[in-house]
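Hi everyone, thanks for making time.

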Amino acid sequence: MSPARPARPRPLRTRLVLSTVVLVAVVCAVIGTVTAIVLRSYLYGQLDGQLAEVVRRAAAPRPPNLWRGGPLSFVQGGGQPIGTVGALTGSDGRVTDSAVSTSPRTWRGDGDPLREPLTAAQSDALARLPRDGRPHDVGLPGRGDYRARSVTAPDGATYLVGIPTASVQETLDTLIVVEVCVTAAGLVAAGIAAAATVRIALGPLRRVAATATRVSELPLHEGEVALHERVPAAEADPRTEVGQVGAALNRMLGHVGSALMARQESEVRVRQFVADASHELRTPLASIRGYAELTRRTGEGGEPVGPRTRHALGRIESEARRMTGLVEDLLLLARLDAGRPQACADLDLSPLVVDAVSDARAAGPGHVWRIDLPAEPVSVRGDAARLHQVLVNLLANARTHTPAGTTVTARVRGASREGWAVVSVEDDGPGIPAELLPNVFERFARGDASRSRAAGGSGLGLAIVRAVVAAHGGRVGVRSVPGRTVFTVELPVRHGRDASSGLSAVAAEGIPPALPRRGRPHLP
């Protein structure tokens, strides 16, 4: 059995309005119930008073010839309501005579025009009345509910007397209908008034929330951010609850702004140090390489050096070249972080891809290199040298972290609906572990648990890719599963296309060993 889905929380405004409407409904229900009970008690008190008068008349001694109706003549006249019933019971408790007062308009021409006898069913229902002399509610078939009581006359006869409760019930029904209608109208009015009141009361809280939302949308995790958002002073009054929240949020934003400023100053100092250090290291590294090469060739005093010394000097040159590359990468990242403008021009991506794949093929002959280019030029605006470095780094990353025999495909796609040109580098190597994917573009990020590599790297190649692409207004991403890894670069498209035909789906085996470094290539 699937677990129960948790109830969806309602907004504070809805809960306040509902609470107000429910409270008004409860108050109206209590008032209506108490009013109905009090009115019913009052009306039944009056009804019992009328019944007592009828009982008094029934128990009063009467001359035999006073009424044609005989012992039951009390049901006529006397101001009691039409429908008053009376019955005379025998010693066995059964009704021996009964009558009900009627209006002359209902007289059918036989008997007394002011009364008529009860039916057998009505007489039986009235005979079940307790003989305790107290008022009781009795239902007579065909005539409705009655308020009735028994009385014993001075001559020993027992009379059963009742008057209808229809008028009282009609009054109570009318009261209930009026109360329901008034309550419904009151609830509608209370809901509208509560919604308007709550909307006005929650206005400051909404403005505080809007400020917090704007702050949450700022890229506080990167870049130079000036945190100027604050809750207005009107919503930061500590004398109100919302004002306390606004004041606390302002204090928090002040602390966050100070922390961001300190972080930015620290980053600027680090970038400046990296740039200065990288710049200063270039000259001594070049000197080390030069002197090592000179010593390896000639030796001291013009004499040749031994094999061990030659090997050591070769290692010095190799490490000096590697360190020079690291310094150049650090200097480039420092320049990109500083936001220095790039040398931009309109260029076609296809020749850049062909050049980069040709270089990669020469560096990694053990891999299978393929390119897939569109038939039309894909023009972007950017720095050709930097974009070429992006492609070289992506292809070098695929070559370094995959075993020999892996197929690497460089692919270019034209403008998408969103106006982006897409360059992707795909390989069918072992893939990147899922836990490493979020950090592959970080500086000095390394992880080759599942991707074998034959040579070391500085960990700056993909960081440079992201920085260069971001400087061109683009974006970079990666998707990887075992057997397929795809790095994707998206760049804004230049729509002015005037170049001729392009390349399409060509295997690297068909690429000549040396391709033109510039211009659109022509494959055999």
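So, helix 7 and helix 8 cross each other, and the crossing is right-handed. Before I go on, keep in mind that this is a predicted model. Helix 7 covers residues 349-363 and helix 8 covers residues 384-400. Their axes sit 9 Å apart, and the angle between them is about 40 degrees. What do we call that?

Okay, let's zoom out for a second. The protein chain has 9 helices and 14 strands. There are 524 residues in the chain, and 35% of them are buried. Now take the contacts with a separation of 6 or more: residues 24 or more positions apart account for 62% of those.

Next up, salt bridges. How many does the structure hold? The count is 12, and I'll go through a few of them.

Let's start with Asp137 and Arg147, whose side chains meet in a salt bridge at 3.0 Å, N to O. Asp137 is in strand 4, residues 136-140, while Arg147 is in strand 5, residues 144-152, so this pair links parts of the chain that are 10 residues apart. Are these two buried or exposed? Asp137 counts as partly exposed, because its relative accessibility is 48%. Arg147, on the other hand, is buried, with a relative accessible area of 14%.

Another one joins Asp372 and Arg411, with 3.1 Å from N to O. Here the pair links strand 8, residues 368-372, where Asp372 sits, with strand 10, residues 407-413, where Arg411 sits, and the two residues are 39 apart. Asp372 is buried, its relative accessible area being 16%.

One more. Glu490 forms a salt bridge with Arg475, and their closest N and O atoms are 2.5 Å apart. What does this pair tie together? Glu490 lies in strand 13, residues 484-494, and Arg475 lies in strand 12, residues 475-481, so the bridge ties together parts that are 15 residues apart in sequence. Both residues are partly exposed, Glu490 with a relative accessible area of 22% and Arg475 with 40%.

Last stop: Ala212, in helix 4, which runs over residues 203-216. Ala212 is partly exposed, because its relative accessibility is 33%. How far is Ala212 from Glu229 in space? The distance is 8.5 Å, C-alpha to C-alpha, and the two are 17 residues apart in sequence.

How values were computed
Residues are numbered from 1 along each chain as its sequence is written. This is a predicted model: local features need pLDDT of at least 70, side-chain atom pairs count only at pLDDT 80 or more; totals for chains, interfaces and linings use all residues. Side-chain values use heavy atoms; hydrogens and water are left out. A salt bridge is a side-chain nitrogen of Lys or Arg within 4 Å of a carboxyl oxygen of Asp or Glu. Helices (H or I, at least four residues) and strands (E, at least two) are DSSP runs, numbered from the N terminus. Buried means under 20% relative accessible area, exposed over 50%, partly exposed in between (1.4 Å probe, protein chains only). Axes are lines fitted to C-alpha atoms, for helices over the stretch in contact, and angles run from 0 to 180 degrees between N-to-C directions. A crossing is left-handed if the near helix is turned anticlockwise from the far one by less than a right angle, and right-handed if clockwise. Contact means heavy atoms within 4.5 Å.
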